[in-house]
Amino acid sequence: MHSCLKPICLATLAVTLGSNSNAAPHVERSIPLEWALEAAVAAEEACTELGFDVTVTVVDQRAQPRVQLMKEGAFPHTVQTSSRKALTAASRREATAVIEAENEHEPTLGAVFNEIGLITLSGGIPIIYDGEVIGGIGIAGSPGEDETGKEYDESCVEAGIAAISDHLD
C-alpha cells in the first residue's frame, strides 16, 4: 500500500469502527466446571451399569473441552469420537441422533461433517440453560441398542443431562 494512503485508510477505519454507537460486549454463558463434571460422571456411571467402558467428553458453548473421562478398558478411538460428538452437539445446537437421522436422507452430510471435525453418530446432546446452549456432552464406547431401538450412547448422555437438570431448569 502506498505510504500516503495509510493515514487515510486508518482514519477511515477509525471513523467506521467508532460510528457504531450500539456496540456492546457480547456475553455468552458457559457450563460451569462443576456441572460438566457432574454430567460426565453420571453418563459414565450409566454406561458402566450397562457393562460398557466408555469415554465421556463435555465441552463449553464454543466446543472447547471442559471435562473428559476415559474408563479403564475403553478403546482409544473413543476419546476422539466422544469429543466430536460433544463438539457437534454444541456447535450445531442439536442432538447428534437428530443429525444422524437427517444423514440417512442426505448421505453426503456425513462426509462434509467429517471434513470439518464433526460427526453424524448418535451420542451427543447440547446442554441448554435458559434457552441458550452452554455446552455439549458426548459419549462413545457403548455399542448397540436397547430393546426399544435406542442407542446406548444416547441413553448414557441423557443420564448425564438428567443429573444436572436441576441446574438447567
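**Labels and their grounds**

Author: Cys47 counts as buried because its relative accessibility is 0%, and the cut-off for buried is under 20%. The model in which this is computed is a predicted one.

Reader: What makes Cys47 and Cys156 a disulfide?

Author: Their sulfur atoms lie 2.0 Å apart, S to S, and a pair of cysteine sulfur atoms within 2.5 Å is taken as a disulfide, so the label applies to Cys47 and Cys156. A search of the whole structure finds one disulfide. This pair links distant parts of the chain, since Cys47 belongs to helix H2 and Cys156 to helix H6, 109 residues apart.

Reader: Why is Glu44 called buried, and what is it in contact with?

Author: Glu44, found in helix H2, has 13% relative accessibility and therefore counts as buried, the limit being under 20%. Leaving aside neighbours within four places in sequence, Glu44 is in contact with Val54, Val56 and Lys71.

Reader: Why is the aromatic pair of Trp35 and Tyr129 called tilted?

Author: A search of the whole structure finds two aromatic pairs. In the pair of Trp35 and Tyr129 the ring centres are 5.8 Å apart and the planes make 55 degrees; rings pair if their centres lie within 6.5 Å, and planes under 30 degrees apart would count as stacked and over 60 as edge-to-face, so what remains is tilted. The pair links distant parts of the chain, with Trp35 in helix H2 and Tyr129 in strand S3, 94 residues apart. Trp35, at 17% relative accessibility, counts as buried, whereas Tyr129, at 28%, counts as partly exposed, a label for values between 20% and 50%.

Reader: How do you know that the buried residues of H4 line one face of the helix?

Author: The buried residues of helix H4 are Thr96, Ala97, Ile99 and Asn103. Seen down the axis of H4, they fall within an arc of 160 degrees, and therefore line one face. The face turned away from this buried side carries the exposed residues Glu104 and His105, while the cover over the buried residues of H4 includes helices H3, H5 and H6 and strand S3.

Reader: Which residues touch the most other members of the largest nonpolar core, and which element gives the largest share?

Author: Of the 25 residues in this core, Ile31, Val58, Ile127, Ile137 and Ile139 touch the most other members. The elements that give two or more residues are H2, S1, S3, S4 and H6, and the largest share, seven residues, comes from H2.

How values were computed. Residues are numbered from 1 along each chain as its sequence is written. This is a predicted model: local features need pLDDT of at least 70, side-chain atom pairs count only at pLDDT 80 or more; totals for chains, interfaces and linings use all residues. Side-chain values use heavy atoms; hydrogens and water are left out. Buried means under 20% relative accessible area, exposed over 50%, partly exposed in between (1.4 Å probe, protein chains only). Helices (H or I, at least four residues) and strands (E, at least two) are DSSP runs, numbered from the N terminus. The arc is that of the directions from the helix axis to the C-beta atoms. Contact means heavy atoms within 4.5 Å. Rings of Phe, Tyr and Trp (its six-membered ring) pair if their centres lie within 6.5 Å; planes under 30 degrees apart count as stacked, over 60 as edge-to-face and the rest as tilted. A nonpolar core is a set of buried Ala, Val, Leu, Ile, Met, Phe, Trp, Tyr and Cys residues joined through side-chain atoms within 4.5 Å.
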